[in-house]
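Subject: Structure for you to look through

Hi,

Here is the structure I promised to send over.

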Amino acid sequence: MELTGTLAEADWASHHPAVFGAAYRILGAVAEAEDVTQEVWLRAAAADLSEVRDLRAWLVTLAARTSYNVLKSARVRRESYVGPWLPEPLLTGPDAAAQVLMDESVSTAMLVVMERLTPAERVALVLHDVFGLPFGRIAEVLGSTPAASRKLASRARARVAAVQERPRASRAETERVLRAFKAAADAGDIAELVELLDPEAVYVADGGGKVTAARRPVRGAEPIALLAVRQIEIRRPEAFQIIEVNGHPALATYRGGELVWLDTVEITDGRITTFRRLANPEKLAHIGHI
C-alpha cells in the first residue's frame, strides 16, 4: 500500500505513538525523538511500501535505526555533561499534546537505568521487550547477528530488572507525598521533611551546568531536607502544581510564571527513597509555563 493522500495520514496517525515512543525510549530526549519521528515520516512518505506487510514494525524499525545513529553520536556529548543526567520529561497526562505508547518502560526511573546501557543494548531491549520485534529484525538495525542481539537484550534486561521489580506507590500516594514535601519545604520544617524521607534516601539534581544544582547525588534524609529548605530560601518560588510526566505525578514549581524545577520521586512504605529534581531550563522548556 502506498503511503500517500488521506490514507497515508490515517496510517501515520495510528502508528505515530509507536514511532515516537520507540525514539523517545531509545534517546530519552523529547526534541531528539521528535526529530527522528519527523525523519521517519519523510522517508516513509517517499518510500514504496507495496511490499510492506507490517507497517507498524517497518516504521518502528526505521525509527530505531535512526535513533541508534543519533544515540551513538550523543554519547560523546553526554559523557561531558555537567553533573547528573536525567531524561527530558515527557508530558503524558490529559494536557499532553500528542499520544505516546505508554508503559513502565517510559518512566523516569527506567529511563535513568537505561541511560547506563550501551546504545546497542538499549535498542535491543526496546525493540524486543516493548515492541516485540524478532531478533532477526533487531540484528539488521544493529548490524549484528540474531544471537548477538538476543544476548544484548538479555544483558540489558538483567540490568533493568531491579527497577521493574521495585514496588510502585499509587498515584494518590505519590501526589500526597509530593504535596506534603512541598508544604514542609516552604515552611522550613526540617523534622517533617526528614519524616517524609527514607533514612537512606538519594537526591539527584540535573542542572546541566545551566543553573545551580548539586553536582553529585546527596544521600541521607537530613542532608536532603536541609538542601530542600535552602533552595526554597534562595529561589523563592511562587507557585506549584502537580502534573503528569512519564506516566507518573510530578511536582512542577514556578517563579514569575516560569518553570524552575520538576520533581519526581520513588516511594517505598510512604517515604521517599529517590528524589529527582530536573532544573536544566533546556529540558524544561517544552513543558511550558503558567
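Below are my notes on salt bridges, strands and one phenylalanine.

First, some ground rules. This is a predicted model, in which local features need pLDDT of at least 70 and side-chain atom pairs count only at pLDDT 80 or more, while totals for chains, interfaces and linings use all residues. Residues are numbered from 1 along each chain as its sequence is written, and side-chain values use heavy atoms, with hydrogens and water left out.

Let's start with the salt bridges. A salt bridge here is a side-chain nitrogen of Lys or Arg within 4 Å of a carboxyl oxygen of Asp or Glu. By that rule there are 15 salt bridges.

One of them joins the side chains of Asp 206 and Lys 283, at 2.7 Å from N to O. This pair links distant parts of the chain, with Asp 206 in strand S1 (residues 197–206) and Lys 283 in helix H11 (residues 281–284), 77 residues apart. Helices (H or I, at least four residues) and strands (E, at least two) are DSSP runs, numbered from the N terminus. Asp 206 and Lys 283 are both buried. For that word, buried means under 20% relative accessible area, exposed means over 50%, and partly exposed is in between (1.4 Å probe, protein chains only).

Glu 282 counts as exposed because its relative accessibility is 54%, and Lys 210, at 47%, counts as partly exposed.

A further salt bridge, 3.7 Å from N to O, is made by the side chains of Glu 238 and Arg 255. Here Glu 238 is in the loop between helix H10 (221–235) and strand S3 (239–245), and Arg 255 is in strand S4 (residues 248–255), 17 residues apart. Glu 238 is exposed at 56% relative accessibility, whereas Arg 255 is partly exposed at 39%. There is also a network: salt bridges that share partners join Glu 121, Arg 155 and Arg 159.

Now follow Arg 255 into the strands. It stands opposite Glu 258 in S5. S4 and S5 pair in the antiparallel sense over five bridges; two strands pair if DSSP finds at least two bridges between them. They form a hairpin with two residues between them, and Gly 256 in the turn has a positive phi of about 60°.

S5 also pairs with strand S6 (residues 271–278), again in the antiparallel sense, over seven bridges. Thr 268 has Arg 271 in S6 as its bridge partner. This is a hairpin with two residues between the strands, and Asp 269 in the turn has a positive phi of about 55°.

So is S5 enclosed or open? Nine of the 11 residues of strand S5 (residues 258–268) are buried, so the strand is largely enclosed by the rest of the structure.

Last, have a look at Phe 135, which is in helix H6 (residues 135–142). Phe 135 counts as buried, at 8% relative accessibility. Leaving aside its neighbours within four places in sequence, Phe 135 is in contact (heavy atoms within 4.5 Å) with His 128, Pro 146, Ser 149, Arg 150 and Ala 153.

Cheers
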